[in-house]
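Reader: I have the model open. Can you take me through some of its side-chain pairs?
Author: Go ahead and ask.

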Number of protein chains: 2
Amino acid sequence: MRGSGLTEARALAVLREELADFGPRTAVGIGDDAAVLEASGRRQVWTIDACVEGTHFERKWLSMEDLAHKSIEAAVSDVCAMGARPIGLLVQLTLAPWLTTTLLRRLAREQRATGQRLGAPVMGGNLTAGRQLELVTTVLGELPGRALLRSGARPGDQLWLVGSVGRARLGLLALQNGWAKKAALAACLEAFRRPRALASQGRALASRARACLDVSDGLRRDAPRLAEESKVAVVIESRRLERLVDPGFARAARALAVDPLEAMLDGGEDYALLATGPQQQRPRFARAIGRIEAGGGAWLERGEDRVRLRGGFEHRAPGGPAR
Amino acid sequence: MRGSGLTEARALAVLREELADFGPRTAVGIGDDAAVLEASGRRQVWTIDACVEGTHFERKWLSMEDLAHKSIEAAVSDVCAMGARPIGLLVQLTLAPWLTTTLLRRLAREQRATGQRLGAPVMGGNLTAGRQLELVTTVLGELPGRALLRSGARPGDQLWLVGSVGRARLGLLALQNGWAKKAALAACLEAFRRPRALASQGRALASRARACLDVSDGLRRDAPRLAEESKVAVVIESRRLERLVDPGFARAARALAVDPLEAMLDGGEDYALLATGPQQQRPRFARAIGRIEAGGGAWLERGEDRVRLRGGFEHRAPGGPAR
């Protein structure tokens with residue numbers, strides 16, 4: 001049975017089917033960045049995220065401080081993409097055999113600092129032993145107003161990008177190729193190791209945007225999710241995306257022999273926000289990269305051509321076959 | 001560096017030091033069964049727990065239904081031990097290469113049924129790939145009244161046990177020895193595979209007990225935690241504990257050549273509740289097994305002798321040395 005190759009997409013489909021009824025307190029269940037629940041008369045946003053050695057990172061790529069930072073920012077990003085304010089987090093830590101007291105202390109110090117900076121302190125957690133280091137982070141947030149869902153996009157909306165995409169992917173490629181010392185790649189390495197959840201932007205979008213999600217798996221994979229949840233067509237305009245390529249990013253892509261546009265489409269883990277809303281409500285910090293139309297699917301428009309965006313990067317069980 | 005042998009106890013000490021400041025919303029941080037937080041003007045209880053293949057279970061020991069059940073009940077038990085009512089849960093699922101669609105479907109169905117039965121539906125979660133199957137469950141609960149902490153025990157209190165201890169351990173030993181078919185062990189196997197969080201008992205204790213924790217790692221390891229957090233001596237009276245050995249449990253212990261009292265002291269994963277309170281407030285469902293005195297540490301009293309209880313079973317990183 002080893003290597004049955006159950007993909008995350010297939011597994012998600014099964015879970016959505018089987019867990020369909022989320023109970024009366026759940027306003028939004030599976031299918032968005034976070035669950036929205038009614039508790040104590042107010043709305044909360046709640047998410048869980050994993051950072052697993054061998055799947056999401058290799059030990060030699062990240063310092064303990066990087067790991068603390070990256071695992072927390074990634075989890076908090078889901079709460080920010082809903083327009084919520086993070087208020088606290090818990091961490092399930094799986095201790096690998098190689099983890100020493102000194103390394104653990106460095107990890108915990110940065111967890112504390114990162115949590116406090118985000119207004120979401122580490123309130124507790126759990127410990128267990130395992131074969132590799134893992135951090136599973138759950139974040140609770142409060143919604144000042146309505147939740148910013150994946151399902152709110154409407155035909156006629158503009159498509160907005162907040163933050164950058166592709167840098168973290170180039171950083172990952174640099175690490176995989178052993179080119180971590182190249183000066184042209186320094187900013188991309190930083191993007192991979194120290195992403196930032198766009199907390200204030202998420203909250204500002206809540207009153208202006210109709211839909212939002214965080215780009216954790218790349219536009220190629222996340223734009224179709226927005227299309228599916230909103231039942232619309234998401235059109236990314238290639239010329240607008242290309243305008244966001246700055247000289248530093250172009251240099252980094254060249255150093256890795258990667259097309260910058262491809263890196264922007266495939267790159268996850270920058271935790272940019274992809275949002276939609278009426279053109280006149282676009283905040284200054286959001287860049288227009290396309291539009292929403294009636295129909296379905298996500299599309300890259302180049303002049304008169306349209307290419308459908310599907311799939312993209314997917315974590316797969318080690319030992320599982322490529323499909 | 002492999003096999004540095006960082007124990008969970010040592011790791012917890014490091015984390016408590018480094019994460020000392022839990023922020024203004026946190027009423028109770030590390031050191032209790034769950035965190036207590038102030039959110040939206042009311043108190044919530046929040047916990048996270050892991051169920052890891054190779055650490056907490058072997059695949060051949062548990063059906064998908066057992067696993068769904070056990071992982072949720074274990075996590076919910078922490079919320080019950082605080083006197084809170086569970087309202088929902090999220091599950092981070094790490095997909096092992098051997099997991100098929102059929103197995104996943106069976107897992108999800110039982111997760112749904114178990115969550116609904118406990119009044120805490122699965123509201124969402126996260127998926128990732130990994131080397132082994134893992135379920136990390138986070139549970140949110142509401143506190144109708146005050147939180148039942150580990151730190152509330154006072155000298156003069158009686159020591160109460162709710163539920164049974166030792167059965168799940170005998171079930172585990174039966175599985176490890178390949179004796180899962182012996183009739184004398186059936187009830188113990190059931191205790192290991194299908195533990196129950198003591199939800200209504202936890203809530204009833206909230207108005208009667210002064211302190212409570214759930215016995216997830218065995219009395220030998222959890223009684224000292226109660227002593228430490230309350231700064232008291234916890235005295236377990238051997239003759240009272242022995243009175244709880246019924247013929248079925250004695251038979252199971254005999255079949256495994258284990259002393260029943262030792263099994264009761266070492267056995268975790270039954271998710272019994274250990275509580276303290278004034279003798280006259282003991283609920284009918286709680287059995288008196290000892291008392292609280294001034295001083296420190298946890299003790300087993302046999303006639304005039306006292307033996308200090310320390311340590312006990314600890315999950316350890318595979319490959320790490322025994323200390």
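Predicted model: local features only at pLDDT ≥ 70, side-chain atom pairs only at ≥ 80, totals over all residues.

Reader: Is B:Arg194 buried, partly exposed or exposed?
Author: B:Arg194 is partly exposed, at 26% relative accessibility. Buried means under 20% relative accessible area, exposed over 50%, and partly exposed in between (1.4 Å probe, protein chains only). Residues are numbered from 1 along each chain as its sequence is written, chains are lettered from A and ligands numbered from 1 in the order in which they are written, and side-chain values use heavy atoms, with hydrogens and water left out.

Reader: Which side chain meets B:Arg194 in a salt bridge?
Author: That of B:Glu110, at 3.7 Å, N to O. B:Glu110 is in helix H3 of chain B and B:Arg194 in the loop between helix H5 (186-193) and helix H6 (199-205), so the pair ties together parts 84 residues apart in sequence. A salt bridge here is a side-chain nitrogen of Lys or Arg within 4 Å of a carboxyl oxygen of Asp or Glu. Helices (H or I, at least four residues) and strands (E, at least two) are DSSP runs, numbered from the N terminus.

Reader: And B:Glu110, buried or exposed?
Author: Buried, with a relative accessible area of 18%.

Reader: What does B:Glu73 pair with?
Author: B:Arg117, in a salt bridge of 2.8 Å, N to O. The pair links distant parts of the chain, with B:Glu73 in helix H2 (residues 64-80) and B:Arg117 in helix H3 of chain B, 44 residues apart. B:Glu73 is buried at 0% relative accessible area, while B:Arg117 is partly exposed at 40%.

Reader: What does B:Leu118 touch?
Author: Not counting residues up to four places away in sequence, B:Leu118 touches B:Ile72, B:Glu73, B:Val76 and B:Pro86, where contact means heavy atoms within 4.5 Å. B:Leu118 is buried, at 14% relative accessible area.
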